[in-house]
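Visitor: Walk me through this model, please. I would like to know how to read each feature as we go.

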Amino acid sequence: MLAILHPNTELDSEAYRQTMHYLENLPGVSVRVHEIQGASQRLTEIYLLGDTKTLSKEEIEALPAVERAIRISDDYRILGRHKDDHRQSGFTYNGVEFSQNNLNIFAGLCAVDVPEHVEQMMQALEDNGEVCTRMGAYKPRTNPYSFQGHGKGCLPWVFEKAGKHGIKVIAMEITHESHIEEIDTCLEKLGRPTGVMLQIGTRNTQNFELLKAIGRQKTYPALLKRGFGITLNESLNAAEYLASEGNANVIFCLRGMKTEAGQPHRNMVDFAHVPAVKRLTRMPVCVDPSHSVGSRDRSPDGILDVMHATAQGVIAGANMVLVDFHPKPEKALVDGPQALLMKELPAYLEDIRLCHDTWKKRQAIYQTLKDSAAE
């Protein structure tokens, strides 16, 4: 069961103390408190875990600090959608909204290489009105002799350039708990010129200790990629690990499924799951067409496969696009052959906006149908 307190309930108030005293003394029930800071108010959610079937919803709602109570299912207790659950989906971070209704584009370098390329990428994003990017400093690689990323050594100049060009959020994969501290220390030293979204790559989707570490901190939101060769349910439960530790600011990323059936693409494109994830959870959904397709192959209509895959995800309602660009792909240290070119950025952004507008028009068509059926 979930008890949602009245907005802006003070944790030192008498109403809160009375409510917690009652809940903490329920037999066979453990209590977990989550605080959500929105743009205009703070919301406190109290999860009651254990033997809650016999609890009276009316008695919980009668407690002085409780606004309403919701019975929740076992699956995705914090991030999932539940009956009579009208909680907000998404969050705002560093002035950028992430929800199931809007769209943010994170175009950038899969792996940071030299300052010149980072500068060119961020300048192009600024010129096109974009405030988000992807920049890989820590790179987990299958081959131990492959480039592993510059690590914390590149963070100062990446963050400084982001601030210079008005980049508000950088999606950056981390592979170890220590990377959180390295990022935080560097941002603090520089006066926080930008923000970071901690990305969990497909190889680490079931690295539960890393998930717990990211979940314990609430400064940075998380972008969780679907895991290698595991079910959607298993990947969504990995996201729940983050939320169960206290950080519910999570975006779920579809990046293709590793299977020979996906050929000639790098992975089987799984963007049909965009609406499924939005139905099952309250998380915004990201698509990664670069790692799904893995090439610059072009169809007879003149459009790159990666652009077609992007369109499929956005028209299905994706809320974020994570895509590889590079000023000089032939010199990229990671995934150069799949990177889009800088001259393709304006057309790509226009294509995405067209697809997002189409999604909104599709929504309106079916809303009209739903309204007429309800009459």
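**Domains and cores**

Guide: The domain assignment gives domain 1 (2-73) and domain 2 (91-370). Domain bounds come from an automatic or database domain assignment. This is a predicted model: local features need pLDDT of at least 70, side-chain atom pairs count only at pLDDT 80 or more, and totals for chains, interfaces and linings use all residues. Residues are numbered from 1 along each chain as its sequence is written, and side-chain values use heavy atoms, with hydrogens and water left out.

Visitor: How many residues does the contact take from domain 1 and from domain 2?

Guide: Contact means heavy atoms within 4.5 Å. The C-alpha centres of the two domains lie 34 Å apart. Domain 1 supplies 4 residues to the contact and domain 2 supplies 5 residues.

Visitor: How do I read a nonpolar core, and which residues have the most contacts inside the largest one?

Guide: A nonpolar core is a set of buried Ala, Val, Leu, Ile, Met, Phe, Trp, Tyr and Cys residues joined through side-chain atoms within 4.5 Å. Buried means under 20% relative accessible area, exposed over 50%, and partly exposed in between (1.4 Å probe, protein chains only). The largest core here has 93 residues, and M135, F159, M172 and I183 have the most contacts inside it. Helix 7 (residues 232-244) gives the most to this core, with 6 residues. Both domain 1 (2-73) and domain 2 (91-370) give residues to the core, so it lies between them.

Visitor: What does M135 touch, leaving aside neighbours within four places in sequence?

Guide: M135 is in contact with L109, V112, V118, M121, M122, V158, I170, A171 and M172, once those neighbours are left aside.

**Aromatic pairs**

Visitor: How are ring pairs sorted, and how many aromatic pairs does a search of the whole structure find?

Guide: Rings of Phe, Tyr and Trp (its six-membered ring) pair if their centres lie within 6.5 Å; planes under 30 degrees apart count as stacked, over 60 as edge-to-face and the rest as tilted. The search of the whole structure finds 4 aromatic pairs. Take F208 and Y241: the ring centres are 4.5 Å apart and the planes sit at 25°, so the pair is stacked. F208 lies in helix 6 (residues 208-216) and Y241 in helix 7, so the pair ties together parts 33 residues apart in sequence. Helices (H or I, at least four residues) and strands (E, at least two) are DSSP runs, numbered from the N terminus. F208 is partly exposed at 32% relative accessibility, and Y241 is partly exposed at 30%.

Visitor: Is the pair of F325 and Y348 stacked or edge-to-face?

Guide: Edge-to-face, because the ring centres of F325 and Y348 are 5.7 Å apart and the planes are at 65°. F325 lies in the loop between strand 14 (320-324) and helix 11 (345-374), and Y348 in helix 11, so this pair ties together parts 23 residues apart in sequence. F325 is buried, with a relative accessible area of 1%. Y348 is buried, also with 1%. Elsewhere, F91, F98 and F106 form one aromatic cluster.

**A polar contact**

Visitor: Which side chain makes a polar contact with the side chain of Y348?

Guide: A polar contact is a pair of N or O atoms within 3.5 Å; within protein, one must be able to donate a hydrogen and the other to accept it, and residues adjacent in sequence count only if both atoms are side-chain atoms. Here the partner is the side chain of T310, at 2.7 Å. T310 is found in helix 10 (residues 305-315). T310 counts as buried, at 2% relative accessibility. Not counting residues up to four places away in sequence, T310 touches P289, V321, Y348 and I352.

**Cysteines and backbone**

Visitor: How many disulfides does a search of the whole structure find?

Guide: A disulfide is a pair of cysteine sulfur atoms within 2.5 Å. The search finds 0 disulfides. C154 is in no disulfide, and its nearest cysteine sulfur, that of C186, is 8.9 Å away. That distance is too far for a bond. C154 is buried at 1% relative accessible area, and C186 is buried at 11%.

Visitor: Which peptide bond is cis, and where is P264?

Guide: Most residues other than glycine have a negative phi, and most peptide bonds are trans. The bond from Q263 to P264 is cis, with omega near 15°. P264 sits in the loop between strand 12 (250-254) and helix 8 (274-280). As for phi, N94 has a positive value, near 50°. N94 is in the loop between strand 5 (91-93) and strand 6 (96-98).
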